[in-house]
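This report goes through a two-part question: how the pieces of a structure meet, and what some of their elements look like up close. The sequence and the structure come first.

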Amino acid sequence: MIKTNEQSRRSNTSVDFSEIRNDFPVLNQQVNGNPLVYLDNAASSQMPQSVIDRINAYHSKEHSNVHRGVHSLSQKATDAYEDARGKVRDFINAPSKKEVLYTSGTTEAINMVARGLTGTHFQEGDQIILSEMEHHANIVPWQLIREQAGIDIKVVPITDRGELDLDAYKELFNSKTALVGLTHVSNALGTINPVEELVEIAHRHNVPVLLDGAQAVPHESIDVQTIDCDFYAFSAHKMYGPTGIGILYGKEEWLDKMTPYKGGGEMIDKVTFEETTYDELPHKFEAGTPPIAAGIGLGAAVEYLQNIGMKKISAYESDLLDYGTKKLESIEGLRILGTAPNKASVLSFVFDDIHAHDIGTLLNEQGIAVRTGHHCAQPVMRKYDVPATSRASLALYNNRDDIDRLVEGIEKVKEIFT
Amino acid sequence: MSNKETNTPNDIDEIQDRIVREFSALSDWTEKYKHIIKQGDQLEPLEEEHKTEENMVKGCQSNVWLVADLEGNKVKFKADSDAAIVKGLISLLMRVYDRQHPETILTKPPKFIEKIGMQEHLSATRANGLAAMIKQMKIYAMAFKTKLEQQAEA
């Protein structure tokens, strides 16, 4: 196991967040002649050295295919890959490793549920409830099965502050409601939804709930048993892990009910040309050779986060978000979209007379990386009647200097436009 | 229109060189972008009726519209964008390609973009509609070239 400086942090009661930046080699570079300010973490966060080292160690010393070989190397790879699954189980407090499925990311996880419940759960005329603040990854998979499954999509509107309209949500339930799919944290607005309450309401109607946790996992401690959701999906690359791997947590009763949407090796029990029976959970849903290195990297990312502590990360980021909000609000002409009192990481903003694309281009000239566009959440853009926003999204390695650089950068953009 | 034709060199290489010279006189990146934005302000406006879904060049972050017509044996382009930098770059492209022969449009790449340090605006990311716009201009040029050839044969 690779040991790095963060290993020693667990014993420390206080975490020096200014030091954490040094764990991320990618941040130590110049862009267009300026030190990089990376504020595009909601799109993808950077990997700490410990995750990079763990992936390298796997490639250099442990690589082999998992689950099948009797030889030592295969055993080693399998142990490391399954150990990572165990770390994820612990991270989200899932009752069992069987309920923690590897996927390629949040998108695949949601597609898996949509496909898996088609023909097994959904009945002609059923309705599902999504919200106006969903990422396209929690809209399009349902549209793809809409005809085949015979379902209708109902949408929870959002308020001007960017919160779910809870009264409207409650009223959408009826005897035909068969699933609720909601984001935990909005990628475009930063709103943290009251997931426990939302799940409880759905369960009163015996309706299962899928939560898109992609934007929530890096910022707060997740306990799927406390939330009591039926599915929880997230991606490694937004929580300091590698791309190409993600997780679908699902309650066993639901995963048993679902059919796998992809078939192949790894996921079978017995195969004849007449019939195939599936392997047990979680392997039933994991056809083909998985991205083993990425899975192990995800395990290392979980370890990294747990060594610091999610509570400390939440508190630090929340303080930074408050600072950033105040600073941005002080810029004349700038309007923040998404002003819910309970927010994580995201500062989405617009100017009436400067296009987001121009802001992003001119910030990049100053070495500042933000995202501009519709953030794959076009219904949110329509709600606020803007074509695009600029979005600064924070991670645990960001600090007040980054915010100050962003503010200076925006002032410079304004100057160019005057 | 006639004014433009008498005062502006029509040779596409000369126009590109002129643009490069304009930019080389600018001291830093802020001046460069200010100049680009100013170019956009001078762009011949595209009538609202042309800003349709059909005339839209798909780009993820900003809307770009492009229309083209054949005037004699030359291509008349009109374009616009809702983002200022893209609009400025469009204005530069218009200086180069508007009212040129289809053959010229097809054979002369916009070399000035790299020379003025704007090549990253051409990168093939989904963030950008400019590369798609240049491609669309060439598609129009190709269509008009074929049309002119058919007319010549008839």
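How many salt bridges are counted between chain B and chain A? The count is zero. The model is a predicted one, and the values below are computed from it.

**The interface of chain B and chain A**

Chain B brings 17 residues to the contact and chain A brings 18. Together the two chains bury about 1600 Å², and carbon and sulfur atoms give 61% of that area. Although no salt bridge is counted between chain B and chain A, three residue pairs are in polar contact across the interface, both residues of each pair being at pLDDT 80 or more. On the side of chain B that touches chain A, the elements giving two or more residues are H3 and helix H4 (84-97) of chain B. H3(B) gives the most to that side, with five residues.

Between them, domain 1 and domain 2 of chain A bury about 3400 Å², with 55% of the area on carbon and sulfur atoms. One salt bridge is counted between these domains. The rule also finds 28 residue pairs in polar contact across this interface, both residues at pLDDT 80 or more.

A salt bridge is formed by A:Asp160 and A:Lys383, whose closest N and O atoms are 3.2 Å apart.

The table sets out the two interfaces.

| Chain B and chain A | 17 residues from chain B, 18 residues from chain A | about 1600 Å² | 61% |

**Chain B and its helix H3**

Chain B has seven helices and three strands. From the N terminus on, its elements run α-α-α-β-β-β-α-α-α-α. Of its 154 residues, 43% count as buried. Among contacts in chain B between residues at least 6 apart in sequence, 62% join residues at least 24 apart.

At 1.5 Å a residue, the 13 residues of H3(B) should span 18 Å, and the end C-alpha atoms of this helix are 19 Å apart, which agrees. The buried residues in H3(B) are B:Thr30, B:Lys32, B:Tyr33, B:His35, B:Ile36, B:Ile37, B:Gln39 and B:Gly40. Their cover includes elements of both chains: helix H12 (356-364) and helix H14 (400-417) of chain A, together with helix H2 (12-24) and H4 of chain B.

B:His35 lies in this helix, which covers residues 29-41 of chain B. Is B:His35 buried or exposed? B:His35 has a relative accessible area of 13%; the cut-off for buried is under 20%, so B:His35 is buried. Setting aside neighbours within four places in sequence, B:His35 is in contact with B:Glu22, B:Phe23 and B:Leu26.

Helix H4 of chain A takes in residues 106-117; at 1.5 Å a residue its 12 residues should span 16 Å, and its end C-alpha atoms are 17 Å apart, which agrees. Because 10 of the 12 residues of H4(A) are buried, this helix is largely enclosed by the rest of the structure. Among the buried residues are A:Thr106, A:Glu108, A:Asn111, A:Met112 and A:Leu117. Just after H4(A), A:Gly119 takes a positive phi of about 85°.

A:Glu200 is found in helix H7 (residues 195-204) of chain A. This residue is partly exposed, with a relative accessible area of 42%. A:Glu200 and A:Ile227 are 27 residues apart in sequence, and their C-alpha atoms are 8.6 Å apart in space.

Notes:
Residues are numbered from 1 along each chain as its sequence is written. Chains are lettered from A and ligands numbered from 1 in the order in which they are written. This is a predicted model: local features need pLDDT of at least 70, side-chain atom pairs count only at pLDDT 80 or more; totals for chains, interfaces and linings use all residues. Side-chain values use heavy atoms; hydrogens and water are left out. Helices (H or I, at least four residues) and strands (E, at least two) are DSSP runs, numbered from the N terminus. The expected span of a helix is 1.5 Å times one less than its number of residues. Buried means under 20% relative accessible area, exposed over 50%, partly exposed in between (1.4 Å probe, protein chains only). Contact means heavy atoms within 4.5 Å. Buried area is the accessible area (1.4 Å probe) that two parts lose on being put together, summed over both. A salt bridge is a side-chain nitrogen of Lys or Arg within 4 Å of a carboxyl oxygen of Asp or Glu. A polar contact is a pair of N or O atoms within 3.5 Å; within protein, one must be able to donate a hydrogen and the other to accept it, and residues adjacent in sequence count only if both atoms are side-chain atoms.
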